[in-house]
Amino acid sequence: MNDYSARRDGVFHSVCSLDCPDQCGLLVHKRDGVIVKVEGDPEHPVTRGAICNKVRHMAARIYDGKRLTTPLRRIGPKGEGRFVPISWDEAIAEITDRWKTLIAERGSESILPYSFYGNMGRIGTEGMGTRFFNRMNASELDQTICEAAGTVGYRYTMGGSYGTDPEQTVHAKLFIFWGINAVSTNMHQVTIAEQARKAGAKIVAIDVHRNRTGKWADWFIPLRPGTDTALALGIMHVLFAEGMTDEAFLREYTVGHEELRAHAAAYDPATVSAVTGVPEADIVELARLYGRTSPSFIRIGNGIQHHDNGGMNVRAIACLPALTGQWLVPGGGAIKGNGGYVGHNAKALERPDLRGGRQARRVNMNRIGSALLALDPPISSLYVYNSNPAVVAPESNKVREGLAREDLFTVVHDLFLTETAKYADIVLPATSAFENTDLYHSYWHHYVQIQQPVVAPYGESKSNNEVFRMLAAGMGYGDEAFKDDDAEMIRQAVDFPGNPAYAPVTYEALVEKQFVRADVKPLFPGRLRTPSGKIELYSQAMERRGLPPLPTYAPLVEEGNEAFPFAFIPAPNHNFLNSTFSNNDKHASMEKTPKLHMNAADAESLGIVEGDEVRLWNERGEAWLTASVGEDVLPGIVVSQGLWADKGDGRSATVNALTPDRLSDMGGGAVFFSGRVAVQKASVPAPKPAVPAAAIGSAI
Ligand SMILES: Nc1nc2c(c(=O)[nH]1)N[C@H]1C(S)=C(S)[C@@H](COP(=O)(O)OP(=O)(O)OC[C@H]3O[C@@H](n4cnc5c(=O)[nH]c(N)nc54)[C@H](O)[C@@H]3O)O[C@H]1N2
Ligand SMILES: Nc1nc2c(c(=O)[nH]1)N[C@H]1C(S)=C(S)[C@@H](COP(=O)(O)OP(=O)(O)OC[C@H]3O[C@@H](n4cnc5c(=O)[nH]c(N)nc54)[C@H](O)[C@@H]3O)O[C@H]1N2
Ligand code: SF4
Ligand SMILES: [Mo]
């Protein structure tokens, strides 16, 4: 292993640790032992030296004066944020003593880990922590907050997270960015499309908001939220009706094309226009453009699947390339996610065998508020790492009420005193990714990368794995599994005969080369992992689960609720990554202010002008944002961007106070974008008080 942390000066290879498909290669510059610059690694074959602005300013976060340096014990009320420093020995002893008592009195399921991908390193997210809670047989977290619905929807059609190799998409003549704000969230797909545009390619964006990607596209198509399945069916209707389908491909590689042909007949342009708000002529033009252009490539985003009908939206769009035979054309096809190609040896890393045949209850992370408030037997202890649920999870008032429970023993491991950490009994300081050793593989491109320590741990901070090794020792878990060091765990993860793509990926190759291309074979012919081995336009598996076997549009649950006249889309922003960076002054100043984008006609009828402070509310809570008025959204829709830090002035921009914690149609996914709100100018007195979260009971 290379440990660069002792080297005071130089330029060192790194990889971006953030939950972003691009997973850029980085070069980290050090002077006098301190990171002075982060830039893109020009040698990385896909990301080629270009990185986003937020990571170019990563040093401002790493050395932010607010970073935690020691373990802390809470001294004030939960949520207030008053703590005193304690030693690691005290912290580990206190945590393990509490857990031993809880396990003896209430059983191991009274303890719940809550984690996500604040750092995408596989060893730190799926390594020691997973082993530790498996060994304990703690309650298990269903990690559904990000892409669960879409992943399941795509899998029904395509058999798993397998799509086009993004490097090939440079050959495409048509790009459809569908429910993805790629300029902000997948910038290298934009770079590739830009290259193709120079060779004549056309770029279409389909979104509810003319965001940066909509502005960059050649043709922006706005539609009503949650109506993408209808639009996809409208395209299919025209493709079938006008003979633009690839019949040979349909016969050879799909099941259910005749059923789909008959089914799509009902989705004529007039019907689809009435549902989606897209003019009939545009539906026909889009279908013809798609049917006649080859190679055509669809980048399916996460936005369309954070809905009540999100799984189906992705499933329906994923059927389109099959209709035109695009999977056989280099650069054609689609990407929802490509994580399936580079799946590592999860069993070796996570060690589910440590549960010893026991199976604890599973808790859906999207319902963490309800779970903390209502699960029986209760969750008595929560261990949070790599995540900030008080801000990122739906129904944040409910989440915070749960976190405020006096009888809940909460530990938070993070780099900062996040909104969640303020509710903790014990806070532990985490190293940044640049201080760790870890394994990274992208869910978009096909490269596997390694991070080796570039700087020493900040203050007394420790990596996730190091903390779990200490906790294991404190709990008296003597298993060999807790003795593996990080390098050994990387070896275990990449030693995977079950996925031949890993053949060239060894620990030694990663250390030597920094990035290694997985040996990914083309999907066609013969590699589809659906039950039939073909693209399932008709899915018996869905039928068995009570889902419509053919792509079928269903309206959003709250549609038509006139008490809350606006569909509310609280999307990500350009300069944060979920809530990461929201608490770093540099990044918050780059993003300026939390905005609410609304249509000029709506603003006028509410007496709102550009720059006004507006209050949004519904039965779940309220939030304050700054109006941005124009034509970037259709009437009846409001869009915010970013998961902002609490300002502490009682006028919080925490948009998840308003989002529902219902689950999507598939995979138990989150439905962040399916809620509704009322909006008013903040200076107008509230017509009614916000209903306190406690009054809104709902079952888990
Ligand atoms: N800068 C930045 N980059 C990020 C992130 C970030 O927070 N900031 N987050 C990272 C993570 S974890 C993820 S999962 C990805 C997410 O990135 P994307 O895949 O881009 O998904 P979202 O940004 O969630 O949503 C994309 C767009 O969907 C639109 N949308 C909402 N509802 C609908 C609908 O019903 N139909 C259509 N067609 N569009 C709709 C929204 O306007 C939004 O702009 O980005 C990653 N990269
Ligand atoms: N309204 C709305 N809500 C959303 C979304 C949305 O689009 N709209 N997007 C959703 C999506 S797609 C996702 S993926 C989730 C993401 O939600 P989270 O996974 O919670 O992501 P972050 O907000 O980035 O928080 C990650 C936390 O991990 C910490 N961290 C970073 N590295 C490490 C480490 O090595 N160790 C430890 N212990 N901690 C570390 C960071 O400091 C940060 O506080 O948010 C979801 N919430
Ligand atoms: S956040 Fe995404 S685009 Fe920015 S450096 Fe990281 S991987 Fe690259
Ligand atoms: Mo995500």
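## Salt bridges

A salt bridge is taken here as a side-chain nitrogen of Lys or Arg within 4 Å of a carboxyl oxygen of Asp or Glu. By this rule the count comes to 41 salt bridges. The model is a predicted one.

Glu-167 pairs with Arg-517, and their closest N and O atoms are 3.4 Å apart. Because Glu-167 lies in the loop between α6 (148–158) and β8 (174–178) while Arg-517 belongs to strand β20, the pair ties together parts that are 350 residues apart in sequence. Glu-167 is partly exposed, with a relative accessible area of 25%, and Arg-517 is partly exposed at 31%.

Arg-405 and Asp-407 form a salt bridge through their side chains, at 2.9 Å from N to O. Arg-405 is buried, with a relative accessible area of 14%, whereas Asp-407 is partly exposed at 45%.

The side chains of Asp-486 and Arg-469 meet in another salt bridge, with an N to O distance of 2.7 Å. Asp-486 lies in helix α21 (residues 486–494) and Arg-469 in helix α20 (residues 464–475), so this pair ties together parts that are 17 residues apart in sequence. With a relative accessible area of 16%, Asp-486 is buried.

Salt bridges with shared partners also join Asp-308, Glu-558, Glu-619, Arg-620 and Arg-662 into one network. Within this group, the side chain of Asp-308 makes a polar contact with the side chain of Arg-662 at 2.9 Å. Asp-308 lies in the loop between β12 and α15 (310–323). Its relative accessible area is 8%, and because buried means under 20%, Asp-308 counts as buried.

A polar side-chain atom of Ser-387 lies 2.8 Å from an oxygen atom of ligand 2. His-413 contributes a backbone N or O atom, which is 2.8 Å from a nitrogen atom of the ligand. In the case of Asn-464, an N or O atom of the side chain is 2.9 Å from a nitrogen atom of ligand 2. On its own, ligand 2 has 920 Å² of accessible area, and the protein covers 95% of that area.

## Surroundings of ligand 3

The residues that surround ligand 3 include four cysteines, Cys-16, Cys-20, Cys-24 and Cys-52. By class, the shell around ligand 3 holds eight nonpolar residues, one polar residue and two charged residues.

## Backbone geometry

Most residues other than glycine have a negative phi, and most peptide bonds are trans. The following residues depart from these patterns.

A cis peptide bond joins Ser-294 and Pro-295, with omega at about -5°. Pro-295 is found in the loop between α14 (280–292) and β12 (296–300). Phe-524 and Pro-525 are likewise joined by a cis peptide bond, with omega at about -5°, and Pro-525 lies in the loop between β20 (515–517) and β21 (535–536).

Asn-578, although not a glycine, has a positive phi of about 55°. Asn-578 is found in the loop between β22 (566–571) and α24 (585–591). Phe-581 also lies in the loop between β22 and α24, and has a positive phi of about 85°. Asn-578 is partly exposed, with a relative accessible area of 37%, whereas Phe-581 is buried at 0%.

Pro-572 is partly exposed, with a relative accessible area of 41%. Pro-572 and Ser-184 are 388 residues apart in sequence, yet their C-alpha atoms are 8.7 Å apart in space.

Val-34, Val-36 and Tyr-63 make a nonpolar surface patch of about 210 Å². Tyr-63 lies in the loop between α2 (58–62) and β4 (72–74), and its relative accessibility of 31% places Tyr-63 among the partly exposed residues.

Key. Residues are numbered from 1 along each chain as its sequence is written. Chains are lettered from A and ligands numbered from 1 in the order in which they are written. This is a predicted model: local features need pLDDT of at least 70, side-chain atom pairs count only at pLDDT 80 or more; totals for chains, interfaces and linings use all residues. Side-chain values use heavy atoms; hydrogens and water are left out. Patches are made of residues with over 30% relative accessible area and no salt bridge: like charges are joined within 9 Å, nonpolar side chains (Val, Leu, Ile, Met, Phe, Trp, Tyr) within 5 Å. Accessible areas come from the Shrake-Rupley method with a 1.4 Å probe; for residues, only the protein chains shown count as cover. Helices (H or I, at least four residues) and strands (E, at least two) are DSSP runs, numbered from the N terminus. Buried means under 20% relative accessible area, exposed over 50%, partly exposed in between (1.4 Å probe, protein chains only). A residue is near a molecule or strand if one of its heavy atoms lies within 4 Å of it. Ala, Val, Leu, Ile, Met, Phe, Trp, Tyr, Cys and Pro count as nonpolar, Asp, Glu, Lys and Arg as charged, and the others, Gly among them, as polar. A polar contact is a pair of N or O atoms within 3.5 Å; within protein, one must be able to donate a hydrogen and the other to accept it, and residues adjacent in sequence count only if both atoms are side-chain atoms.
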